[in-house]
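Dear colleague,

Please find the structure below, handed over for your files.

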Amino acid sequence: MLSSQTRTGSAPKPRRGTQAVILYQRNKGVDAYVRAVSGATPMEIVAIERQGVQGIFIKDLSKRMDLATSRFFAILGVPKATAEKKAASGELVSGSGGQAAIGMIKLLGIAQDIVENSKAPEARGFDAAKWLGQWIERPQPSLGGRKPADLIDTPTGVEVVARLLGSIESGAYQ
């Protein structure tokens, strides 16, 4: 299992009876962490959900998706001051904000898979993270005109958006 140290140099200790958590390694980048989490076992995901997501990862993910950090924090339902403090101190974001961040990781993993599985010449060099950052901010007819970003703060909303992404890959939704 992957592990890393937080920005402050000490890795958070897992709770008794839980396994180590896959942690973001900033030097490896956002995409490597997204791949690690996308390939994680259900029990590894449960461990991440229980412990939380590193605040610095959330900031780095917002940059990778080309979204203003204040907007990204709002999408995840994390107060800006809280997110900034946790990012600066190497703390974890848990609770509903952490769950929403995990949901965003899942969505980015789906978008990356769509690009990797594509045979289209345009897929070469396509930036799935920036595309997803733009796409989640656009109203979608299949969501009743809502933006996917408006649903990501709940697990069910993430599932709805994930299904929509899956339908884009299959060609069922254009």
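Helices (H or I, at least four residues) and strands (E, at least two) are DSSP runs, numbered from the N terminus. The model is predicted, so local features need pLDDT of at least 70 and side-chain atom pairs count only at pLDDT 80 or more, while totals for chains, interfaces and linings use all residues. Residues are numbered from 1 along each chain as its sequence is written, and side-chain values use heavy atoms, with hydrogens and water left out.

Overall composition

The chain has eight helices and two strands, and its elements follow the order α-α-β-α-α-α-β-α-α-α from the N terminus on. Of the 174 residues in the chain, 45% are buried, where buried means under 20% relative accessible area, exposed over 50%, and partly exposed in between (1.4 Å probe, protein chains only). The accessible surface, computed by the Shrake-Rupley method with a 1.4 Å probe, comes to about 9000 Å², and carbon and sulfur atoms hold 52% of that surface. Contact means heavy atoms within 4.5 Å. Among contacts in the chain with a separation of 6 or more, 60% join residues 24 or more positions apart.

The nonpolar core

A nonpolar core is a set of buried Ala, Val, Leu, Ile, Met, Phe, Trp, Tyr and Cys residues joined through side-chain atoms within 4.5 Å. The largest such core has 47 residues, of which F57, M65, L76, M104 and I136 touch the most other members. Two or more residues of this core come from each of α1 (30–38), α2 (42–51), α3, α4 (69–76), α5, α6 (95–117), α7 (128–135) and α8 (155–170). The most are given by α6, with seven residues. Apart from residues up to four places away in sequence, F57 touches Y24, V30, Y33, V34 and I105.

Axes are lines fitted to C-alpha atoms, for helices over the stretch in contact, and angles run from 0 to 180 degrees between N-to-C directions. Angles under 35 degrees count as roughly parallel, over 145 as roughly antiparallel, 65 to 115 as roughly perpendicular and the rest as oblique.

The axes of α3 (residues 55–64) and α5 (residues 80–89) cross at roughly 110 degrees and come within 6 Å. The two helices are therefore roughly perpendicular. In this contact, G55, I56 and K59 of α3 meet E84, K86 and A87 of α5. By class, the contact has two nonpolar, one polar and three charged residues; here Ala, Val, Leu, Ile, Met, Phe, Trp, Tyr, Cys and Pro count as nonpolar, Asp, Glu, Lys and Arg as charged, and the others, Gly among them, as polar.

Helix α1 also packs on α3, at an angle of about 110 degrees and with the axes 10 Å apart. This pair is therefore roughly perpendicular as well. From α1, the residues V30, D31, Y33 and V34 meet F57, D60, L61 and R64 of α3. The contact of α1 with α3 comprises five nonpolar, no polar and three charged residues.

Individual residues

S62 lies in α3 and counts as buried, at 0% relative accessibility. Beyond its neighbours within four places in sequence, S62 is in contact with L67, T69 and F72.

D66 sits in the loop between α3 and α4. Its phi is near 60 degrees, a positive value in a residue other than glycine. Most residues other than glycine have a negative phi. At 54% relative accessibility, D66 counts as exposed.

A83 is found in α5 and is buried, with a relative accessible area of 2%. Leaving aside neighbours within four places in sequence, A83 is in contact with F73 and V78. A88 and I56 are 32 residues apart in sequence and 7.1 Å apart in space, C-alpha to C-alpha.

In α8, V161 counts as buried, at 0% relative accessibility. Setting aside neighbours within four places in sequence, V161 is in contact with L107, W135, P148 and L151. From V161 to A149, twelve residues apart in sequence, the C-alpha distance is 8.8 Å.

With kind regards
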